[in-house]
Amino acid sequence: MQRFRRIHTELPGLTVVERMQFGDERGFFSRFFCQEELSELGSAGTIAQINHSMTRTKGAVRGLHFQRPPYEEAKFVSCLAGAVFDVAVDMRPDSPTYLRWHGEVLSAENARSMMIPGGFAHGFQTLTENCELIYLHDKPFAPEAEGGLNALDPSVNIAWPIEITQMSERDRNLAFI
């Protein structure tokens with residue numbers, strides 16, 4: 001039985017995953033993660049760290065964050081409550097899609113996740129209030145390798161879908177390319 005539908009994007013290695021929901025009048029069941037089925041999408045298949053975030057304000061932007069080599073991490077990002085515009089930017093200098101981005105609406109309702117390979121920056125904008133995301137990482141966070149890209153960088157030119165209402169001072173001060 002197929003538990004996931006894979007949607008390949010124009011950026012090599014970046015995949016949208018739809019979790020198949022099987023339900024009845026009580027609700028639904030879906031498999032959230034499967035090492036065997038999802039390891040082919042760029043992760044080592046192991047989960048080294050799980051992070052959970054909650055953003056209260058509609059229009060807030062978090063990110064864009066990444067880990068520098070050799071600490072690149074694959075992330076499996078899902079929205080548990082609310083809806084977000086999730087963005088991944090190809091930061092691999094030798095990639096033919098270097099600095100191109102892909103955005104996808106992730107929500108509790110659409111059961112979509114993004115499988116983001118190592119070498120990508122990640123961020124999101126909240127489309128509703130009280131958004132909760134869960135991130136499954138295949139490597140632990142390495143503070144010495146942390147990097148960031150300003151979400152407003154004109155050379156990347158992300159088309160944020162709604163007005164930006166909030167960014168942290170740290171993210172607002174991230175460098176442009």
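I began at Ala 111, which counts as buried at 2% relative accessibility (buried means under 20% relative accessible area, exposed over 50%, partly exposed in between, with a 1.4 Å probe and protein chains only). Ala 111 sits in the loop between β9 (101-107) and β10 (112-116); strands (E, at least two residues) and helices (H or I, at least four) are DSSP runs, numbered from the N terminus. Its phi is near 55°, a positive value in a residue other than glycine.

Notes on the source. This is a predicted model, in which local features need pLDDT of at least 70 and side-chain atom pairs count only at pLDDT 80 or more, while totals for chains, interfaces and linings use all residues. Residues are numbered from 1 along each chain as its sequence is written, and side-chain values use heavy atoms, with hydrogens and water left out.

Overall form. I counted 2 helices and 13 strands in the protein chain. The radius of gyration is 16 Å, which agrees with the value near 16 Å for a compact globule of 177 residues (taken over C-alpha atoms; the globule rule is 2.2 Å times the number of residues to the power 0.38). The C-alpha trace spans about 50 × 35 × 30 Å along its principal axes. I noted that 48% of the 177 residues count as buried. Among contacts (heavy atoms within 4.5 Å) between residues at least 6 apart in sequence, 77% join residues at least 24 apart.

Salt bridges. I searched the whole structure and found 6 salt bridges, each a side-chain nitrogen of Lys or Arg within 4 Å of a carboxyl oxygen of Asp or Glu. One of them joins Arg 5 and Glu 18 at 2.7 Å, N to O. Arg 5 is in strand β1 (residues 4-8) and Glu 18 in strand β2 (residues 15-19), 13 residues apart. Arg 5 is partly exposed at 40% relative accessibility, whereas Glu 18 is buried at 14%.

I then looked up Arg 112 and Glu 104, whose side chains meet at 2.3 Å, N to O. Both residues are buried. Arg 5, Glu 18, Glu 104 and Arg 112 are linked in a network of salt bridges.

Arg 170 pairs with Glu 146, with the closest N and O atoms 2.2 Å apart. Arg 170 lies in helix α2 (residues 169-172) and Glu 146 in strand β13 (residues 146-148), so this pair ties together parts 24 residues apart in sequence. Arg 170 is partly exposed at 45% relative accessibility, and Glu 146 is partly exposed at 31%.

Lys 58. I placed Lys 58 in the loop between β5 (49-55) and β6 (61-67). Its relative accessible area is 45%, so Lys 58 is partly exposed. Not counting residues up to four places away in sequence, Lys 58 touches Thr 126, Leu 127, Thr 128, Glu 129, Ile 162 and Thr 165. Lys 58 and Pro 70 are 12 residues apart in sequence but 35 Å apart in space, C-alpha to C-alpha.

Backbone checks. Pro 70 is in the loop between β6 and β7 (75-81), and a cis peptide bond joins Pro 69 to Pro 70, with omega about 5°. The peptide bond from Gly 63 to Leu 64 is cis, with omega near 20°; Leu 64 lies in strand β6. Asn 130 has a positive phi near 55°. I located Asn 130 in the loop between β11 (120-126) and β12 (131-137), partly exposed at 44% relative accessible area.
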